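Hi,

Here is the structure we talked about, ready for you to open. Have a look at it, then read on.

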Amino acid sequence: MQPMTEFDPAPLIPRNARILDSRRVTAKERHFRLALEAPLGHRPGQFVMLSLPGVGEAPISISCGPGDEREVELVIRACGSLTHALHQRQAGDVVGLRGPFGNGFDLQDFEQRDTVIVAGGLGLAPLRSLIEPLAARPRRYGHVTLISGCRTPADELYRDKLRAWAQLPHVDVIRLVNDTAHQPWDGEVGLVTAPIPRLDLEIPNTLAVLCGPPVMYKFVIMALAARGMQNEQIYVDLERRMRCGIGKCGHCQINQVYCCRSGPVFRFDEVATLPEALT
Amino acid sequence: MTSFLANEQALEDWLRRQAERHEVYWPQRMGKASYAFQRLRRRSPLRLDRLDDAPASKPFRASACVVPPGRLLAPMQELLYRFEPDDDGGYRFIPCLDPTERLIAGIRPCDLKAIHLMDAVNAEGVPDAHYLTRRAHTTLIASNCLQPCDAHCFCEAAGSLDWREGADVFLTPQADGQQLVECLTPRGEALCADAGFSPCDAPEERRQSAEAHRPQPFGRQFDAPLVKVMAAVDETWDSPVWDKHVERCFSCGTCNLVCPTCYCFDMRDDLDIEHPGCGSRSRCADGCMLPEFAEVAGGHNFRATPAARQRHRVKRKLAYLPTQFADGSFCVGCGRCGHQCTVDIDIFDIANDLAAASEAPHAADD
């Protein structure tokens with residue numbers, strides 16, 4: 001037994017989470033649904049630290065909307081030793097989970113506002129946690145325009161969800177690929193910046209939300225600024241590789257700002273002066 | 001608070017008695033010229049070694065301690081928790097907190113300030129239970145500096161030479177070879193209560209008269225006041241100074257490893273080969289000068305060049321963290337990074353050059 005001390009180590013200690021199902025969504029990504037011992041109580045845009053004891057730990061965005069279910073959904077791309085090992089795990093297996101961490105989105109900011117959401121590639125995974133609540137309460141949150149881009153049709157995440165959201169009267173969905181790669185495709189071809197000039201927006205009452213690969217942000221922000229959007233109207237969900245999630249390990253630092261604590265969601269005016277924010 | 005006078009023999013005997021009850025650490029000679037904070041064991045010979053140029057009045061010469069004493073509070077590798085299979089296909093996670101009673105002696109004011117800063121860092125926001133548990137069970141005995149440790153020292157310029165906060169007991173060598181023993185906390189009082197030292201009055205005057213014999217200037221001095229140096233570091237983003245000082249840099253991370261205010265870490269898992277499914281997670285010291293430190297999944301690196309990493313390290317010490325915590329520079333002027341750097345890159349020179357560049361009429365930075 002450990003002697004008792006007055007300090008609580010809980011933030012660094014995982015809890016058990018059992019895989020309810022894991023299904024392949026693209027060649028590289030799998031969608032996981034995990035059962036938790038207690039509801040996460042998360043906000044959209046927050047993340048968890050997911051671990052396989054003996055293998056390692058990584059920050060993973062929460063992909064489901066907030067709720068009080070004892071479940072969480074994550075989309076995980078196999079790109080390192082931990083995520084490759086996670087892809088081998090099956091329903092019934094147990095993983096470690098800490099969190100939720102980060103600030104996330106404040107849904108109050110979106111009340112009675114129209115929202116343009118720009119997702120690049122895997123950026124759709126965290127943004128789904130925001131899209132779900134916005135799409136579910138049209139009278140509270142206003143019109144949603146979702147621009148979702150990926151490299152090829154085979155890379156598209158949440159195709160069923162994208163089509164279902166597109167059916168809603170208060171949601172427009174624009175799906176793009178950079179390249180059809182000779183695959184069947186019923187969306188547009190081009191970069192996520194392409195549709196922005198033609199969007200029918202009431203700019204003063206509109207917010208924009210971005211998440212995607214590092215190269216995407218600058219160009220989308222330029223396109224939004226060209227439409228007259230101010231930095232205060234733009235939210236960016238930034239990617240860093242946190243090790244602790246509680247503002248100590250230093251890995252996620254953007255100049256003086258700890259992304260894990262002050263972010264990963266920032267109103268762009270908060271980070272526009274930080275040279276390390278976008279590149 | 002009570003003060004005493006003690007000769008070196010009495011201090012030695014006292015520390016040896018403490019070692020019967022606690023883990024006692026102090027600087028001990030490792031090889032020819034290197035010192036390290038090592039555990040004093042019951043039977044290990046007590047060697048109050050001195051460097052050749054050290055005056056006899058410095059019983060705890062810490063100048064060549066490569067690793068700062070704060071690493072006893074935040075070890076290079078530290079167990080966070082163990083895990084073992086539970087009956088339900090999951091894991092039992094068993095936190096590892098270390099409440100061992102420790103006493104660290106021979107801490108220099110620069111390292112004392114560094115520990116104070118690490119206390120603030122670890123208590124702020126989400127408190128770090130592992131650090132704070134060790135800290136709560138550690139007694140600090142600091143030794144005043146009457147001369148610079150070595151040619152790399154710039155503690156006075158960095159504002160840490162006269163740091164005393166955080167010490168339980170503070171020692172100052174006296175001209176007659178005795179040590180002034182000042183108890184600064186109740187814990188220090190309790191420690192000295194049965195020491196058999198001679199009570200003394202006017203400790204302030206005794207300390208100040210000893211400090212009056214310090215050389216002037218004390219160690220290296222910046223060409224501008226510290227506030228101006230810190231302002232220059234804060235305001236400089238693009239500057240040839242960053243590039244100038246990394247031309248030789250190997251990105252080896254030594255500067256991070258020896259810095260008393262570097263606390264970044266990585267995580268590692270270890271499996272117990274004898275007990276399937278059992279193992280542990282530790283955190284280990286990491287450094288922002290290492291190339292992959294700010295890399296994310298997919299390979300994008302937010303600080304890809306040595307110059308960008310050097311800028312981050314220097315700004316963390318002299319701009320970022322001082323803005324967040326109100327105790328001045330996070331570079332305490334111990335000189336370790338410059339001393340240990342294989343290619344003689346020194347944060348003192350970088351900061352000085354940045355200050356000079358910002359003073360110049362046509363400053364190169366924007």
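Below is what turned up, starting with some ground rules and then going through the chains.

This is a predicted model, where local features need pLDDT of at least 70 and side-chain atom pairs count only at pLDDT 80 or more, while totals for chains, interfaces and linings use all residues. Residues are numbered from 1 along each chain as its sequence is written, chains are lettered from A and ligands numbered from 1 in the order in which they are written, and side-chain values use heavy atoms, with hydrogens and water left out.

**Chain A: a sheet and its helices**

Helices here are DSSP runs of H or I with at least four residues, strands are runs of E with at least two, and both are numbered from the N terminus. Two strands count as paired if DSSP finds at least two bridges between them. With that in hand, look for the open sheet of seven strands in chain A, which goes β10-β9-β8-β7-β11-β12-β15 with mixed pairing. Its edges are β10 (188-189) and β15 (265-267) of chain A; each has a single partner strand, so one side of each has no neighbour in the sheet.

Inside that sheet, β8 (residues 144-150) and β9 (residues 171-177) of chain A run parallel and share seven bridges.

A contact means heavy atoms within 4.5 Å. For the angles, axes are lines fitted to C-alpha atoms (for helices, over the stretch in contact), and the angle between N-to-C directions can go from 0 to 180 degrees. Helix α4 (residues 159-167) of chain A lies across β8 and β9 of chain A, at about 140 degrees to β9(A). Helix α5 (residues 214-226) of chain A lies across β7 (114-120), β11 (206-211) and β12 (234-237) of chain A, at about 165 degrees to β11(A).

**Chain A: β1 and its partners**

β1(A) pairs antiparallel with β6(A) over four bridges. Seven bridges join β1(A) to β2 (residues 29-36) of chain A, and these two also run antiparallel. A hairpin of four residues links β1(A) to β2(A).

The peptide bond between A:Gly99 and A:Pro100 is cis, with omega about 5 degrees, and A:Pro100 lies in strand β6 of chain A. Another cis bond runs from A:Gly263 to A:Pro264, with omega near 5 degrees; A:Pro264 is in the loop between α6 (259-262) and β15 of chain A. A:Ala181 has phi near 50 degrees, a positive value in a residue other than glycine, and lies in the loop between β9 and β10 of chain A.

**Chain B**

Chain B has an open sheet of eight strands in the order β3-β2-β6-β7-β8-β9-β1-β10, with mixed pairing. Here β3 (34-40) and β10 (198-199) of chain B are the edges, each with a single partner strand, so one side of each is left without a neighbour in the sheet. β7 (residues 138-143) and β8 (residues 169-173) of chain B pair in the parallel sense over three bridges, and B:Ser143 stands opposite B:Leu171 in β8(B). Helix α6 (residues 203-211) of chain B lies across β1 (3-6), β8 and β9 (179-183) of chain B, at about 135 degrees to β9(B).

**Where the chains meet**

How many residues does each chain bring to the contact? Chain A brings 46 and chain B brings 47. Together they bury about 4100 Å², 59% of it on carbon and sulfur atoms (buried area is the accessible area, with a 1.4 Å probe, that two parts lose on being put together, summed over both).

There are five salt bridges between chain A and chain B (a side-chain nitrogen of Lys or Arg within 4 Å of a carboxyl oxygen of Asp or Glu). B:Asp266 makes a salt bridge with A:Arg243, with the closest N and O atoms 2.8 Å apart. On the side of chain A that touches chain B, β1 (15-24), β3 (47-52), β4 (56-61) and β6 (94-101) of chain A each supply at least two residues.

Cheers
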